[in-house]
Structures are given as C-alpha cells and as structure tokens.
Amino acid sequence: MAVDTQTIADAMLAMVTEAAGVKRYKPGDLSKAMVAKFADDGVSKDDCKDAIRVLVDSEKLVYTYFNGTWLEIPHQEGSAKG
Amino acid sequence: MSNQAHSSSETPLLDELLKGRWPSFVKEMKEMADTKPMVRDVLRQLEKSYVDKKTHWKHGGIVGVKGYGGGIIGRYSDSPDEFPGAAHFHTVRVNQPAGWFYSSQALRDLCDIFEKYGSGLTNMHGSTGDIILLGTTTDELEPIFSALTEKGWDLGGSGSALRTPSCCVGPARCEWAMFDCLDLCHDITHHYQDEIHRPAFPYKFKIKVSGCPNDCVSAIARADFSVIGTWKDHIQVNQAAMQEYVAKGRNPIKDAVLLCPTKAIDWDGKEIKIDNENCVRCMQCINAYPKALKPGKERGATILIGAKAPIVQGALFSSVLVPFMELEKPYDDLKELLEKLWDVWDDHGENKERIGELVERMGKGEFLERIGIKPDIQMVIHPRENPYVFYDEYYEEVDEK
Amino acid sequence: MNVRKTDIGCPDYKQFLPPMILKNYGQWDWHEVIKPGVFVHQAESGDRLYTVRVGSPRLLNVKSLRFFTDVADKYCDGFLRFTSRSNVEFMTPVFENIDPMIAMLQSEGWPVGGTANSASNVIHTQGWVHCHTSATDASGLVKCVMDDLYDDFTNHSLPGRMKLAVACCLNMCGAVHASDIAILGIHRRPPKVDPHNLANYCEVPTTIAACPTGAIRADILDGQKTLKINESQCMYCGACYTACPKLPIADSVNDGLSIWVGGKCANARSTPRFTKMVVPFIPNNPPRWPEVVEAVRTIVDVYKAHGKPWERLADMIDRIGWARFFKLTGFEFTKYHIDDYKLATKSYNASTHLRF
C-alpha cells in the first residue's frame, strides 16, 4: 500500500476527535471509512486493524464499552464521578 | 464459622441467608469481609439492596488494561460516600482452561493473586465460562494483569468481541465426545487472541463446543457459533451387553423404543434393531444403555449458528449451517467458515446486531449465498409455507426459444 | 521491569488433567451413576475413574477454593474440575477414596449430588451482588430455592433431568430461555430520568443511540440539555442506564420476578425448546422470597407426581397439555401469558384439540 500505518492512524484519530461528544465510532466504522478514504491506495481491513492497534497502544484512543464497543478519546466516565 | 459476630450488626437481612442447608454466598462474602474492607462495604451495600429492593451498582465503560478492549467490566457504587470500599468494584474475566480442569497448584496461584489484588471473591465460573474475579479497583488492574500473565493466565473477552470459547468435558472424561472438544476450544482460543482482546465485531460473538447432542454446555441456546458433535454412520450395538441390561431388569421398550422420536429402534425380546437411516441422533437410547449402544465411528460435528437471549429481536436457538463437518487439527475448514461469517457480518451487520439477527433480517437463503454455502434441506424443519418468493431470474417472452 | 505480556491465551489444559485422564484420554468406554453425586467412568483399558460432584453457590471465596484444593491434594492427585453449572468435581481412581472424600466435603457443608434425575445446580447471574441492570438478586433467590430443593439435589427424586436457571433481568446472562424451570427478574417501568446536571455525566447523543427501540429523545430543562423517554416504546433492557447513570431502571416497587418452565437444550428425545411463562409476576420479597420458593416447589411436586421416567418437564407437558399443567399447579392463566410479540400467532391453538 502507498500509505503507511501511521497515516491511517492519524486519519482515524482526526475522525474520532472531530465527532467527539456527538457521535461515537466502532472499530468497524473507522475501518470501513479508511478503506473507502484510501481506496486508491488499496488499504485493507487488516491495515486498519494495525492502525487501531497503534492508536490504542499509544493510548491516543481507548476502547469503551457502553452497549457495544467503541473507540474514543480517553476521558473520565460519568459513572466514576460519584 | 465466624457468622455470629456479624449477625447482630450490619446485615440482618443477609444473615437470613446464612441459614439453610445449601452453601451460602453470604458466608462466602462474610469470610472475606473480615480481612477486606471493600467486601465489608459491598456487603453493606447489598444489605441496602435487600432493604430497598433495588441494585446500587452503576456500569463503567472505560476501565481496562492497556491495549485490550475487553476482559474488564467496570462497576461503580451509586452511593460511594456511604460505601467507600465499594466505590470501584470491577470484574476481571480470566480465560479458563478448556474443560474447566485445574491443578490445585494453579488454582492456589489464582487465589493468591485474587486475594492480593482484589476482593478474594470469585465466580467459578461466569456465564460465558470465564473465571471471574469479582471486584477490584481501577489502580489494581495493571498489577493484577501482570501477576496473571506471569503465571500463564490471560484475560477473556467482553464487548463486541469474540467471547471466551468454552467446551464440555469432552474426551477427557466422556465416551460420547465425537471429537476432541478440549483441543478445538484451546486451539481457536489461541488462534483468535486478537479477536478476543481487540473488539472489532458489530457485537458479541460466542463459540461453544459440545461433544455430542446432549449438549452439556448449551451451545445450541447460548452460542452464536455452536459446534455439536455427531456421527454419520450406524450406532454401534453390542447385543450381549443389551441382554445383560435386560437380565438385570431393564426394559428397552420403556427406556428406548417408546422414547425414540422417530420410531427408529426396536427390541424383539432378544435383539436391538435400529433403522439408522431414520435415526436423528438424539442420544436417548445411547444415554439409556451406554454399555450396549455407542455412536457410530464416522464422527464429526454439526455446526449451527445464531443463538442468543431475547434482547432485541427475541431469543433464538442456533440453527443448522453445516450438517456434518469433520474436525481434525488444525481445523482449517472450521476457521475458514468462521472467518467467512465474520466477513459477511462485518460488512452487513448493524451495531449491536448479533449474527442470528442478521440471518433473520437478511433471510437464511440470502445469507447462505453470501457465505458461499449451498442450501441443504437439513437446514430447515420444513420447506417454506408462504408463496411470496422473490425469484432471482425470469424471462421475457422474446427470450423463449 | 519485565516485558509486558499480552495475548498468551489460556494455559494448556493438558497440564491440568489427572494422570488417569491423560492415560485414557478419548478412550472411555461407558459411565454410570453409582449413587447421587458419584459417577464411575470406565476406560477401554479397564481403568476406572470415580467422580464426586458437589454443588457450589458459584460465588466462592479463596478460602473455599483452597479447601477444594486440599481435598484434591488428599484424594485426587492434585486435580479437580468445575462443571458448566458451577458444580465442583473431584476425580479419583481409588474406589476407597470416595466415602472419606465425601465426608471431608460434607463436614464443611458442601452438598454431594446434582447427577442424573436430581435437581441441578442453578445457572445464575450477578443480581444485586454485582449488576447494574438487575431487577432482583440472583444469588439470594438461588440460595432460597436450593435450600428448599436440597433433598432433590442430593437424591435422584425426579422422573428425569431438571435444569434450573435464574437471570436477574431480561438481558438473560443466565440460560433461562432454555431451562426446565427458570426464574427471570423483570422491570415493569421505564427508567426514571434524573434530569439534574445530566449532560455533565452522560453524552446525550450516545445515550439516545443506545436505545434499541429509539425511545429516547433529547430535551431541554432550565436551559440545559437532558433526555426524555417515550415510555410506550421501552422494553426495560437497561441499555440506556449502561450508557448513562442518570437513567436508573431499578425500581423498588415495580421490579420483581416471573417464572418460566419447559425449556431444554439437549437433543435427547425432543428437540431443544424455549421456556414458557407460567407466573407473570411475583414482587421481590427478600431476604427469602417465599412466594418464589413455593411456586418452584409446586412445579417440582407436579413434575414428581406426573412425570414419567426420562421425561423432561417439557416432555411431560407435551403429554398432559398446558391446560392440565395449569390445573395441577393452580397457577392462574392471564392475558400476560398470551404472546403478543413477533410470530405470536404460532402459539395460538388453531385446532379443536382441547382437554376438558
């Protein structure tokens, strides 16, 4: 592929950041968006998985689990606020 | 027992559950409360639930271990000022060994870890099959994870992921295991670590493996992907052993013939006769006469998909997808099928749509086409009753020859 | 600092198999129940393995687990296993170990049983002990029901297998939809919105999205964003409370239990089937839930009196009919017993097959 994992990761992070507080994305939503966005570069679902792993391992995004699993910017959750 | 010390004080309603002959979960909790302030507060909170008849827990949705999207379930008290020890009380799901066998050393290792880093309370086991550590705080999650992996344990699944696969006792201690359930369960658990730990599906996906149609892990009711052992050839009959049963007073007419759902078995007073072409492999006669009747030798499994509990579209049992599959290491056919299913589900499933609901919405015929499996009459109870058929093709008059 | 390990999976089960199992793996010939709670499995080699099964409350502390390991060390070559119904199984090749092992287990209050035609241990969920959407306490109900069914757990007193389950809400983490007798916690009122400061605790759009039936709408209260629920659309799943702690579904007055019978998972004789409702509502009555215990006892007694050998509850009801089952149990049949969801008409009696 012509784009590297970091480029996909950056694009995913931008997508999540822009929608934060309004809309959440599942990992599959991000992957589908990236496969479409980088269609000319032949980005695959597996490339997207790698990008998600980069984002999560570096703690730029966290998995959250409110009715299904989502990828979000790290934040304090409502239930933890007493 | 040290129950008396508490019964006059903080939890009079729960103390009623120390009475009676069945082992008491309250006793299990109280024994830990002596040394664990968090358990004492959880008990006090539980007493409050018994007084006002409602739960006092809130769901957490973020806490976990670094890099994983599952294995930890966040739980918070809704009254942390009243019960500070219960403020965080998160669950840790630990992936159980196949068949739930343990050495006492391994179990003691787990106890030591659970006591050091958490409440010292467990569920053996959770509904999906994991070992459950019931209760720890956010700060202890990374330390407990390190301690577990150091001893060879890893977390199980949660969220929109492959959930921890589980299996029956299988060939370890059962003559009816039609394939190596434990090996298959262990193999897929290891093969799909990424799918377990990094949720990427539309919703949860459970795999359960039962060695025979008695289905001791309820795969058909509780798993999206149910692997249930079966055989293709004839039931093996040992007439001498049968006659021995009869000599000891057993009655094959009552225990087998009248109970056979397809009237496929007969007993003439001397010999068992089986119409194997009409046998549906229900196990009744084999269950009743294990020394005389055994499953055939051409063994494998039926693969069924789609079971789930009611939310949202109603409860479903799994239904037949592959009537018979041989299961030999490295289980390539099964893995190829699983990955095809996940692909179609990933492309077409909506958020929180179980695969059984997708099959229902899409129609089984259409679903089969997408995963590339030919329709088989054994996938349905009967052919369709309604005439609303959407044919793929029709011809204009001019096309006719 | 050690390198952080991930994705190592579960440990290899082979290291946890007792020597006799390793030797006879996949070579078992037959098995029998010797007495309640005790099996013998014979291998083709002629080896015999004896298993003692005890019931547990599922919620176990480390002291109890350590006691089990002591039993395993003393009698079972240092190995043990658990079953899918939270029983503990102790396996020994030595016949003479059975009785002293049972004595050791019973001396600490562990019941031996749960085999063949006995009441099974109860599959159950977290309840008030640890769940945020529970409508009741699963552990408490199980304790009360099993205190009453104790002799049916430790004896083969029933016509056939009887599997019990409790789930504390209709998300059904327990297998209540396919058990012989099932107790299901139910909510009867939609969550009450605590509008004060809601947006500070919850994301409004994502909470709206969490509702599977689209019953939640945004609202404004005193100039602040909050939420509103269209009550007729709610099906009490608690998904919104999962997303937002300001929408609690727990309700002291309206939560309670329902009782269901006639489900099964095994394929033996009849095909697997779902449970059917027999008691639509019993209020929560902790700590001993006497009305629930009595209803379960009624069902078990009818099954004992009318079930034929091998029949599961579902098979018995197939034979005697639902009308007679309701007559025998004395349960009232109401409009709530008639299905009104998808495919409800499949459950209407479209025949003149009636019992008078």
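How many salt bridges does the structure hold over all chains? I found 55, taking a salt bridge as a side-chain nitrogen of Lys or Arg within 4 Å of a carboxyl oxygen of Asp or Glu.

**Ground rules.** I am working with a predicted model, where local features need pLDDT of at least 70 and side-chain atom pairs count only at pLDDT 80 or more, while totals for chains, interfaces and linings use all residues. Residues are numbered from 1 along each chain as its sequence is written, chains are lettered from A and ligands numbered from 1 in the order written, and side-chain values use heavy atoms, with hydrogens and water left out.

**Chain C.** I looked up C:R297 and saw a salt bridge to C:D148 at 3.0 Å, N to O. That pair links distant parts of the chain, 149 residues apart: C:R297 sits in helix α9 (residues 290-306) and C:D148 in helix α4 (residues 138-148). Helices here are DSSP runs of H or I with at least four residues, numbered from the N terminus. C:R297 also meets C:D301 in a salt bridge, at 3.2 Å; these two share helix α9, 4 residues apart, about one turn.

**Chain B.** Next I checked B:D268, which pairs with B:K273 at 3.4 Å between the closest N and O atoms. B:D268 is partly exposed at 49% relative accessible area, and B:K273 is partly exposed at 48%. My cut-offs: buried is under 20%, exposed over 50%, partly exposed in between (1.4 Å probe, protein chains only). Of the 401 residues in chain B, 64% are buried.

**Across chains.** Finally, I noted a network of salt bridges linking A:K49, A:R53, A:D57, B:D194, B:E195, B:R198 and C:D7.
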